[in-house]
Amino acid sequence: MAIHYYDAEGIFHLQSQNMSYVIQIVNGFPVHAYWGKKLGLDDSPGSFIDLSGNLSLDRLPQEYPQYGSGDFRNPAYQVRLEDGSRITELVYEGYEIRDGKPELCGLPAVYTESGEEAQTLELRLRDAYSGLVVKLSYSVFAQFDAVARSVLFENAGKQSLQLLRALSASVDLPAADYEMIYLAGAWSREAQLQRRPLGTQGGTTIESRRGNSSHQMNPFIAIASPGIGEDQGEVYGFSLVYSGNFVASAEVDSFQSTRVSLGINHFDFAWQLLPGQTFQTPEAVMVYSSEGLGGMSRTYHRMYRTRLCRGIYRDRERPVLANNWEATYFDFNTEKLVQIAQAGSELGIELLVLDDGWFGKRDNDRTSLGDWTPDLRKLPGGLGGLANEITALGLRFGLWVEPEMISPESELYCKHPDWCLHVEGRRRSEARWQLVLDYSRQEVRDYIYETLSGIFSTVPISYVKWDMNRNLTEIGSATSSPEQQTEIAHRYVLGLYELLERLTSSFPDILFESCCSGGGRFDPGMLYYMPQTWTSDNTDAVDRLKIQFGTSLVYPVSSIGAHVSAVPNHQVGRITSLKMRGDVAMSGNFGYELDLTKFTDEEKEIVKEQVAVYKKERKLVQQGDLYRLLSPFEGNETSWMFVSPNQEEALIVYFRVMAEANAPGRRLRLKGLNPDFHYEIEGTGSVMRGDRLMYQGVALPQLQGDYASVMYKIKVVHP
Ligand code: DGJ
């Protein structure tokens, strides 16, 4: 990995293990010259751009295009000056190359642990007329084929400026016949993989205007060569490390090139930048793979698992938990929870999570958010009493909170009716009978910090589920100036990040899991503070195949919360086998979300076995490399496997949703193994070479019934 600068040509060549990214300064503009397979270095490379060709701004591939001076495609930024004009011209002024990667002030970002892991290039641009200075930052990594980009705006002039658009990255790719791949959906139907051919002139945009990254669209797009597969084809991934309103677009222009851009959504956004002030954009993590979508995903997985997630749980095996939500909903008391914990301890469960309903007078979802004091009617011994009983059974204790919310029916709302996001004089739209606290305000965050730290420091809590169950409406703040009202959506996210930083660093021993009615905020921003996420409120094993498969396009398995729940399933009413429910949940961060006291003896034995298998294999699942074998978006079968980094072990899981009469004999072709190793298929005594397992495949058994699954463990046999 290195960044090479060629002074004569004005070329910056960023190299990682298998990838090059080249920028060339042309006519004072940073031009996007190349991104793809690694190129060798020459002493004098010559120009990457045809300087004799048409260099009009509307044709030139650019690194950070502006509006108003001849490029009519999507600009990366736009600034309003005091005179009302919206034209700026950023001209290249200089550069700096340094080892490592600096932190982004107040924002989550991938990081390095030593200077050798990455190098960072900073290009400095200036608009002479307004004094606006823009610093484009590019970090390139030794271990990952990725470039992390962000932008710093600095008002070095004398007039006040207003940012109308400030994207994190823009790349002009040299062709049009790409496929765009993204994750769309809804509550309970998250991460549905979408593929759309580009090719024809025009733009395709995905975005969130909901205040959080959303169930509807994940802040990620991939631009891929046509017909991209899991293992072959070129793909460019664009992932935004941000949890609020975002936009990602691909625009095919009239010259058959594709402008891809990504960042904070400029819809309803404007940011005042007074002289001397700076504005930092979130980070875009751009991954290149010439080995299909699988290669791209594995880069994101390794990078996000080891250099985005933080804290002591980053590298630790995650506990098997039981959550009482689908077991009891709001109807529980200490006795019931202890019974569940008792049953859990006999099954090998390690952590009991008390979900919603433990505070205020919350017998349903209409009340009490904000009143974070235990409900002594349900928990006479308080949280401490309950936690002691749970820990005495050998389980750890975890707690659900939803600290960004306030119920109008709460003591907190009586005291502070202006603490929620609202616009004075207008209706406050409730969703799930709740409003959103105004996290742009310091005193609101301080109150939540004090309240939660009071609980976390007095009760033996080792896990926290941080929920967020609605989108933002009437986005306005009582204490901000009229000019700042268009900043509140972003200030909310910055406030959330500040609070999370304080809490997670004050309580480093707590494992935090984020949740937003399931996967409504499953994004890299949240993973920086909380290494795992509740993937979806939909716990149906069949639906989960798609949700978990889609989520795995970007996010590491260690971040994907997956629980076995009761049948008929509470979301879709389907009855699936306990075996399949277990195998689906064991393909993520494993747990149970049902009443453990209700198992039959036969079910208890199955569950004990599931828990034991998961404990044995969880390192492989959580920290191994994921290979997707069969897609639930393409048929009746789904399969994936987890391979240890040294390729000596693998766990393979295969699902067949609907039974098939007189089915053909099938073989499952494995991936990611060492072709020359010999592997034993556990429990069968059969030993096969890695190449045979991958190219001929392993014979699948004839399965009976709907909702069937098999799990194989293979291990290298040393000669
Ligand atoms: C939504 C979450 O996704 C569920 O798991 C549960 O915690 C409920 N909220 C509780 O209100």
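This is a predicted model: local features need pLDDT of at least 70, side-chain atom pairs count only at pLDDT 80 or more; totals for chains, interfaces and linings use all residues.
Trainee: What describes a pair of aromatic rings?

Mentor: Two things do: the distance of the centres and the angle of the planes. In this structure, a search of the whole model finds 36 aromatic pairs. One of them joins Tyr64 and Tyr77, with 5.5 Å centre to centre and 5° between the planes. Planes under 30 degrees apart count as stacked, so the Tyr64 and Tyr77 pair is stacked.

Trainee: Where do Tyr64 and Tyr77 lie?

Mentor: Tyr64 is in the loop between strand E4 (29–37) and strand E5 (77–80), while Tyr77 is in strand E5, so their pair ties together parts that are 13 residues apart in sequence.

Trainee: Which kind of pair do Trp640 and Phe655 make?

Mentor: Their centres are 5.4 Å apart and their planes stand at 70°, so this pair is edge-to-face. Trp640 belongs to strand E32 (residues 637–643) and Phe655 to strand E33 (residues 649–656), so the pair ties together parts that are 15 residues apart in sequence. Trp640 is buried, at 4% relative accessibility, and Phe655 is buried too, at 0%.

Trainee: Which residues do ring pairs link into a cluster?

Mentor: Look for Tyr21, Trp35, Tyr138, Tyr236, Phe238 and Tyr288.

Trainee: And which rings have the charged end of an Arg sitting over them?

Mentor: Among them is Tyr528, where the charged end of Arg310 sits 3.6 Å from the ring centre. Another is Trp534, with the charged end of Arg544 over the ring, 4.7 Å from its centre.

Methods
Residues are numbered from 1 along each chain as its sequence is written. Side-chain values use heavy atoms; hydrogens and water are left out. Rings of Phe, Tyr and Trp (its six-membered ring) pair if their centres lie within 6.5 Å; planes under 30 degrees apart count as stacked, over 60 as edge-to-face and the rest as tilted. Helices (H or I, at least four residues) and strands (E, at least two) are DSSP runs, numbered from the N terminus. Buried means under 20% relative accessible area, exposed over 50%, partly exposed in between (1.4 Å probe, protein chains only). A charge sits over a ring if NZ of Lys or CZ of Arg is within 6 Å of the ring centre and within 35 degrees of the ring normal.
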